[in-house]
Amino acid sequence: GSTKGFSVMPFFVHVLQSQSTGRYYVGQTKNLDGRVAYHNANYSRALKNRGPWTLVHFEKYATRSEAMRRENYIKRQKDRRFIDGLRSASR
């Protein structure tokens, strides 16, 4: 595919799943690997002691505003089945 329109550093919308609670966390970042490591290192106060976290789904966007729009859309679903559907589509 063409990379036209993509900046050097794309933005990622990601879905993490807690291994301890099974809960999902949706966010967006420029550094996918760093973000997962950050959450697993317990730096995030909101997610502290809820891990370990596994990356179960991600999508790539050219701009932060696109990524934030998608992140907010996913969060508004408030539905596990929606995220389960994303997961199976990305396998």
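**Hairpin geometry and aromatic pairs**

In the hairpin formed by β1 and β2, where 5 residues lie between the strands, Gly22 adopts a positive phi near 80°. The model is predicted. Strand β1 (residues 11-18) and β2 run antiparallel and are joined by 6 bridges. Within this arrangement, Leu16 stands opposite Tyr25 in β2. Of the 6 residues of β2, 5 are buried, so β2 is largely enclosed by the rest of the structure.

The arrangement of aromatic side chains was examined next. A pair of aromatic rings is described by the distance of the centres and the angle of the planes. The count comes to 3 aromatic pairs. One of these is formed by Tyr25 and Trp53, with a centre-to-centre distance of 6.3 Å and an angle of 65° between the planes; the pair is edge-to-face because angles over 60 degrees are assigned to that class. This pair links distant parts of the chain, as Tyr25 belongs to strand β2 (residues 24-29) and Trp53 to strand β3 (residues 53-61), 28 residues apart. The two partners fall into separate accessibility classes: Tyr25 is partly exposed, with a relative accessible area of 24%, whereas Trp53 is buried, with a relative accessible area of 6%.

Tyr73 and Phe82 also form an aromatic pair that is edge-to-face, at 5.8 Å centre to centre and with 75° between the planes. Tyr73 is partly exposed, its relative accessible area being 33%. Phe82 likewise counts as partly exposed, at 22% relative accessibility.

Terms used. Residues numbered from 1 in each chain as written. Predicted model: local features only at pLDDT ≥ 70, side-chain atom pairs only at ≥ 80, totals over all residues. Heavy atoms only, no water. Phe/Tyr/Trp six-rings, centres within 6.5 Å; stacked < 30°, edge-to-face > 60°. Helix = DSSP H or I, 4+ residues; strand = E, 2+ residues; numbered from the N terminus. Buried < 20%, exposed > 50% of the residue type's maximum accessible area, 1.4 Å probe, protein only. Pairing = 2+ DSSP bridges.
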